[in-house]
Amino acid sequence: MLNNIGIPGLLLIAVVVLVLFGRGKVSGLMGEVGKGITAFKKGVNDGTKEIEDEAAEAAKDVTEETEKDKV
């Protein structure tokens, strides 16, 4: 259904949204969408860093001190 909209259809939809909501509302909405995307990316990066830190901590040498002395 939505796979053959094309450029003219998208422009028509954009004009209708702009007329219905006004430039100020659309601008504010796009600003909020941008903030949401930024927060999402930050969350993903923080989660990835946390996982990498946990993996690095798990990979530390856990050999007992007495075993290290034998080598």
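I worked on a predicted model, in which local features need pLDDT of at least 70, side-chain atom pairs count only at pLDDT 80 or more, and totals for chains, interfaces and linings use all residues. Residues are numbered from 1 along each chain as its sequence is written, and side-chain values use heavy atoms, with hydrogens and water left out.

I looked up the secondary structure and found 2 helices and 0 strands, taken as DSSP runs numbered from the N terminus (helices H or I, at least four residues; strands E, at least two).

I then checked burial (buried is under 20% relative accessible area, exposed over 50%, partly exposed in between, with a 1.4 Å probe and protein chains only), and 1% of the 71 residues count as buried. The chain exposes about 6,700 Å², of which carbon and sulfur atoms supply 65%; the areas come from the Shrake-Rupley method with a 1.4 Å probe, and for residues only the protein chains shown count as cover.

I listed salt bridges (a side-chain nitrogen of Lys or Arg within 4 Å of a carboxyl oxygen of Asp or Glu), and the count is 3. Lys 35 pairs with Glu 32 at 3.8 Å, N to O, and these two stand 3 residues apart in helix H1, about one helical turn. Asp 53 and Lys 49 meet at 3.3 Å, and Asp 53 is partly exposed at 43%.
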